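Have the sequence and the model side by side. The paragraphs below walk from strands to helices and then to single residues.

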Amino acid sequence: MAFVKNLFDKNFIEYASYVIRDRAIPDLEDGLKPVQRRILHTLFEVDDGYFQKVANVVGRTMKYHPHGDASIYGALVNLANKEIFIEKQGNFGNKFTGDPASAGRYIECRIHPMAKEFLVTNKAITHYIPNYDGRGEEPEVYRAKIPLALVMGAEGIAVGMSTKILPYNLKEVLDAEIKCLNGEDFKIFPDVSTGGLIDVSNYNDGNGKIVTRAKFDVSDEKKIVITELPLDTNAKGLVDSIDNAYKAGKIKIASVEQFTTDHCNIEIKLPRGVYSKDVIDSLYAYTDCEKTISCQMLVIKDNMPVAMTATEIIRYYAGKLTAIIKDELEFEKGKLTEELHIRTLERIFVEERIYKEIENKRTAETVSKAVKDGFKPFKAELIREINDEDVEHLLQIPIRRISLFDISKNREQVKAINERLREINRNLKNLTACAVEYLGGMIQKFEKFAPELLVRHTKIAEFSAVDVKSVVQRNLPLRYDAKGYLGTSVSSGEEKFRVTPYDRILFVRKSGMYMVCDVPEKLFVGQGMWFCSLADKEILSKVLFTVLYRDPATKFLYVKRCRIGGFILNRDYFFAPDGMEVLHVDTRDDFSFKVHYVKKPRVKILEQVFKASSYAEKGLKALGVRLEAREVESVEAESFQDVQF
C-alpha cells in the first residue's frame, strides 16, 4: 500500500506541475502559454512575407506541440483575434456576435510585422531548447520587450489554482512603462475592444473584482438599444440571457432583435405602458448586461506560479527591457567589432601586399605562418590577435576582388562601423533613455501598422452592482393547503402572502416548533400550522412572541413571552419545553385570552380572562409562568391572523 500511495503521490504532483507550467498558466517572461509560443515559433520559421494556410501552420506546429490539431487550431484563432501577433485573412470568427471561425483550410495567416519588433528571436539572446522528440529547437520562452501578459490577458484553470488576467490597452501599458522608467506614478485598468463600462473600485490592481455593464442608448423611451457589450460577453450570449429572464417573468419586454455585425446593436422593444427607465435596473439584475468578474494575476515566474499585480508586472518589464536592450547592444557591438577586425585585416592584407608573401610557399603551414608574420608589423592596428579562421578568410579572397579592392570604400565602411560602435557605447551608458526611446518608437509604429490597438474602448465609470433583491417584485403567492404543504408551487389552498425567491420565512407548526428557511417551492409543515411570516433577522428580533402551552401530565397552563434573537437556517427550534402541548402562539404585543378550566364538582368558575401584557418578557430558553394551579381544558384567544413582519 505504501508503494501504491507513493506512486500516486508522485504521479499526481508531476501531472499537476505539468498542467500548471505547460498548459494553463502563462509565463511572465513573454505572457504566452506553450501552445501559443509554439505557434509563433512556427510562424517565424515559415515567414516568407506571404499568407500561409492555417491548416498548414497547425500541421507544422505539431512538430513542437504533439497534443492534437484541434487544440492548436483553437489557440491560433484566439491568438490571431488578439490582433497583435498574427495578421489574418478570411473568417476568424466574430468577437461581437460569438460566431466561430471557418475551418483551417479556408483561412490564412502570417506573422505580424510588429511581432518581430517586440519578440526577440535571436538565438544568441533567447534560449532555445530541443523539442519533444529532439529533432528541432524551440524557444524555452521568448524575451518580450513589452508586457504581453497585460496586453493580451489570459485565462486558465490548473490543478488547485487558476488565472484570470483581463486585457489592457496597449498604449496605456506602454505609457505606464515609460512613466515607470522615468520614476513617475502610474495606474492602468483593463480595456477590451467590445467596449462596455467597468467599475474598478474593487479591482485591487488586478487581484480583485470588477463590475462590467453593457452600454445602453435610451434616447427613445420605448426602446433600449445595447451599443456596447460587457467584458467576456458576446451578443448571442447576451440575447440568450435576456430571453431567459423574459421567460422567467423577471423583465417586461415586447421583443429583442439582434443586428450585431462589426459592432454591437441589440434592440429591445418595450410593451405598452412600460418605459426604458422601468426596465434598465432589471436588465442589469437579471441578465448578462451586468456581470461581476473576479480577477487573479497568476503567472509563471522563475518556473513557479506567482500572484502579481499589474503595477508589479509593469515594473518587472521596465527592468527587463533595459536588460534586453543591453544584451542586444552588446551582441551588436561584438558583431561590429568582429566585422571591423575583418575589414582591417582585408585592408592591410591588400594594401601592404601580404598576399605576395605566400606565392612561393608550398604547404598550408608555411602559408599560414607567412600571413601571420606579414601582420606582425601592423599588430597595433588590429582589434585582436589574428587566428587560423582569419587566415582562412583572407586566403579565400578571390584575385579579382584583390585587384579591384577599393581602399576608399573600405575606409568608409570602417568609419561607419566606428561611428555605430561609439553610438552603442553611449547607449550602453544610458540604457533607461534607450528603453524610453524604444517604447516611444513602438507607439509610433503601432500608430502606423495597427492604430486600432491604441484606442481605449472600455469606459471606466463608478457604479454599484444592482442587487437583485432591490428590483425583484414581490409577486409569488405563498400558499398553504389542507394537506399541510407550504410553498410557491402549491397549487391550491390558502394564500398566505406574496413573496420573492430571495425572501426568508418563519413558520410555526402546531407543536410549537418553529423554523426559518428560504422561500420553499413545496415543503410539508403539517396540518394546523399556527402562522408564517417573512423573516428578516433585524425585524424578527423586535417581534414579541406569546406562547401558551399546557403540561399534559398536570394540565396546568403556562404563558411565555420571548423574542427570537438569532437563528440558523433550516434548523428546528422550540418555543415550549419538550413534551408540552402548545395551545396558542401570538405576535401581538397585547391581547386578551380566555382560559376554560376542566369541569369539577363544586367548582363554579370554569373560565377566566387574562391579558398577555400582564406577564413579563423572558429569554427564549426560559420556562413559562404558570397561570393557575388548575387543570385547563382549552384556550380561546381573540382572532389572530398571519402577519408579515
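Strand β14 (residues 255-258) pairs with β15 in the antiparallel sense, over four bridges. Two strands count as paired if DSSP finds at least two bridges between them. Helices (H or I, at least four residues) and strands (E, at least two) are DSSP runs, numbered from the N terminus. Within this pair, Ser255 stands opposite Lys269 in β15. Strand β15 (residues 266-269) is also joined to strand β13 (residues 223-228) by four bridges, and these two run antiparallel. Here Ile226 has Ile266 in β15 as its bridge partner.

A word on the source. This is a predicted model, in which local features need pLDDT of at least 70, side-chain atom pairs count only at pLDDT 80 or more, and totals for chains, interfaces and linings use all residues. Residues are numbered from 1 along each chain as its sequence is written, and side-chain values use heavy atoms, with hydrogens and water left out.

Now turn to another sheet. It is open, has three strands in the order β1-β3-β2, and pairs antiparallel. Its edge strands are β1 (52-53) and β2 (86-89), each of which pairs on one side only. Between β1 and strand β3 (residues 108-111) there are two bridges, in the antiparallel sense. Find Lys53: its bridge partner in β3 is Glu108. In a regular strand, side chains alternate between the two faces of the sheet.

Next comes a hairpin. β17 and β18 form it, with two residues between them. Four bridges join β17 to β18, and the strands run antiparallel. Lys301 stands opposite Met304 in β18. Which residue in the turn has a positive phi? It is Asp302, at about 55 degrees, although Asp302 is not a glycine. Asp302 sits in the loop between β17 (298-301) and β18 (304-307). Is Asp302 buried or exposed? It is exposed, with a relative accessible area of 70%. The cut-offs are these: buried means under 20% relative accessible area, exposed over 50%, and partly exposed in between (1.4 Å probe, protein chains only).

Lys555 is another residue other than glycine with a positive phi, near 60 degrees. Look for Lys555 in the loop between β27 (545-550) and β28 (557-562). Lys555 is partly exposed, at a relative accessible area of 35%.

On to the helices. Helix α2 (residues 34-46) and helix α4 (residues 69-80) pack at an angle of about 80 degrees, with axes 10 Å apart. That makes α2 roughly perpendicular to α4, a term for angles of 65 to 115 degrees; under 35 counts as roughly parallel, over 145 as roughly antiparallel, and the rest as oblique. The axes are lines fitted to C-alpha atoms, for helices over the stretch in contact, and angles run from 0 to 180 degrees between N-to-C directions. From α2, Val35, Gln36, Ile39 and Leu40 take part; from α4 they meet Ser71, Ile72, Ala75, Leu76, Asn78 and Leu79. Contact means heavy atoms within 4.5 Å. By class, seven residues are nonpolar, three are polar and none is charged. Ala, Val, Leu, Ile, Met, Phe, Trp, Tyr, Cys and Pro count as nonpolar, Asp, Glu, Lys and Arg as charged, and the others, Gly among them, as polar.

Thr61 links to this region. Thr61 lies in helix α3 (residues 54-61) and is buried, with a relative accessible area of 0%. Leaving aside residues up to four places away in sequence, Thr61 touches Arg38, Ile39, Thr42 and Ile72.

Helix α15 (residues 431-449) has 19 residues. From first C-alpha to last, α15 reaches 26 Å, close to the 27 Å expected at 1.5 Å a residue; the expected span is 1.5 Å times one less than the number of residues. Its buried residues include Leu431, Cys434, Ala435, Tyr438, Leu439, Met442, Ile443 and Phe446. What covers them includes α5 (115-118), α7 (170-181), α10 (310-351) and α14 (407-429). An α-helix has 3.6 residues a turn, so residues three or four places apart point the same way.

Helix α9 (residues 276-286) is largely enclosed by the rest of the structure, because eight of its 11 residues are buried. They are Ser276, Val279, Ile280, Ser282, Leu283, Tyr284, Ala285 and Tyr286.

Last, Ala24. Ala24 belongs to helix α1 (residues 2-24) and counts as buried at 6% relative accessibility. Ala24 and Val543 are 519 residues apart in sequence and 54 Å apart in space, C-alpha to C-alpha.
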